[in-house]
Amino acid sequence: MSRSAHPAGPRHADVLTEGHYAAPPADLNVLDEKVWARTVSRDDDGAVTVGGIEVTRLAEEFGTPAYFLDESDFRARCRAWADAFGPGADVFYAGKAFLSRAVVRWLKEEGLNLDVCSGGELTTALDAGMPAERIAFHGNNKTVAEIERAVQVGVGRIVLDSFQEIVRVSHIAQRLGKRQRVQIRVTVGVEAHTHEFIATAHEDQKFGIALAGGQAAEAVRRALTLDGIELIGIHSHIGSQIFDMAGFEVSARRVVQLLAEVRDEHGVELPEIDLGGGLGIAYTSDDDPREPHEIAKALGDIVTRECEAAGLATPRISVEPGRAIVGPTAFTLYEVGTIKHLEGLRTYVSVDGGMSDNIRTALYDAEYSVALVSRRSDAEPMLVRVVGKHCESGDIVVKDAFLPSDLAPGDLIAVPATGAYCRSMASNYNHALRPPVVAVRDGAARVIVRRETEEDLLRLDVG
Ligand code: LLP
């Protein structure tokens, strides 16, 4: 097979003419508030500020590349989700999007719960003082040690993901003299992506237990017979970066259907359903995400309607947004290093980070925006590809974007909406030092995850 013969993948070769792209924005200095954290703005001198601090000052103090996280925006988004769902529902922040001890404290203070999916995330949560009963433990292959720890500390729920786990968790809890609250994660036959959902190709995945073929019903049957666990509900997560509520609607309907079947067969009304995370954010001006109150209303209406139709009391709903809370709150700040104009082909702008701090472009073909933030420029727009410093042609940060044509080495550029799945998926490829996360709020900036050092790299290398 000669398809994608180049090791960098098909993207390496897709040379497109300028006419192919959308027209550049009228003014490259304007920052679209949809994609930037809330306290980001451009001041009169032309430099961009976040939390009242100029990015040029931040770069001097903390270096580049670095993630800058707008703490008040993060907290406001937590509150917006909590208020939208109200006291009758639970919002679990999905820690995989980005987790640190400071983040855990903010979540705790803003009244959110936390979804963790590994022993490491659990440790971070507990160390920062999140009460165990506000933690949900996820994962398709939790180790025995992880389950033991979760049960021992008393997490609020473990989301069971397989038939083996139903028995495993029950045995462990019994051995520890506990009764663990659990949900069963089901695959509802919906696989949702950004703008569409596909009602096929869904059971072919490693997560959950299929509703199809009565498997989820069988899982409930088994869970109800075991003493070590208390089945409190059904969980469904249909995908990520979703804008279309239709997928959630199908998912909610199918989960409620299962609740009705459980009631009919066992005379038990399971009190909770969790509809997972996956709500999309704006990475570029073309994206139009839903607000938390719209999402809460849409989900609440579907569940209420379906339960009324089935004669069930409406269960307590929970959701698990990760990206929708932290994603928009941070940007990555880079310094421009080299600029190559390849005549008739493309302009490459290289920055001091790359796929080690943002793997999403290479991995998912994700789209990002970028802006010159250290100064204002009224130069003509130029179409560029922003790339990193790694030894890999696929090391792309922003595939196609417009930056001013007077861009020069030493300029600072920023990529917004990198709060989710960038630091948390960062790597040490080429022995890159993972960038710090700096929280900015009301004119003060503080490191919440420090930059890695070469000593950190050598510490793990035992020689
Ligand atoms: N709940 C469960 C059970 C999940 O598996 C996930 C994400 C979430 C909640 C949170 O989803 P969110 O609201 O953040 O979309 N690395 C990928 C995303 C993978 C998400 C995996 N699960 C990315 O960078 O787009």
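In what order do the three strands of the open sheet come? In this predicted model, the order is 1-2-3, and the pairing is antiparallel. Strand 1 (41-42) and strand 3 (53-54) sit at the edges with a single partner strand each, so one side of each has no neighbour in the sheet. Strand 2 (residues 48-50) pairs with strand 3 over two bridges, and Thr-49 stands opposite Glu-54 of strand 3.

Next comes helix 5 (residues 144-153), where Glu-146, Ile-147, Ala-150 and Val-151 are buried. Looking down the helix axis, the buried residues fall within an arc of 125°, so they line one face of the helix. Their cover includes helix 4 (119-127), helix 6 (163-175) and strand 9 (180-187).

Arg-75 forms one with Glu-71, with the closest N and O atoms 2.9 Å apart. These two are four residues apart in helix 2 (residues 71-85), which puts about one helical turn between them. Arg-75 is buried at 8% relative accessible area, and Glu-71 is buried too, at 7%. Both belong to a salt-bridge network that also includes Arg-79, Glu-109, Glu-110, Arg-441 and Asp-442.

Asp-90 and Arg-316 meet at 2.7 Å, N to O; Asp-90 is in strand 5 and Arg-316 in strand 15, 226 residues apart. Glu-272 pairs with Arg-181 at 3.4 Å. Glu-272 lies in strand 14 and Arg-181 in strand 9, so this pair ties together parts 91 residues apart in sequence. Here Glu-272 is buried, while Arg-181 is partly exposed.

Terms used. Residues are numbered from 1 along each chain as its sequence is written. This is a predicted model: local features need pLDDT of at least 70, side-chain atom pairs count only at pLDDT 80 or more; totals for chains, interfaces and linings use all residues. Side-chain values use heavy atoms; hydrogens and water are left out. Buried means under 20% relative accessible area, exposed over 50%, partly exposed in between (1.4 Å probe, protein chains only). The arc is that of the directions from the helix axis to the C-beta atoms. Contact means heavy atoms within 4.5 Å. Two strands pair if DSSP finds at least two bridges between them. A salt bridge is a side-chain nitrogen of Lys or Arg within 4 Å of a carboxyl oxygen of Asp or Glu.
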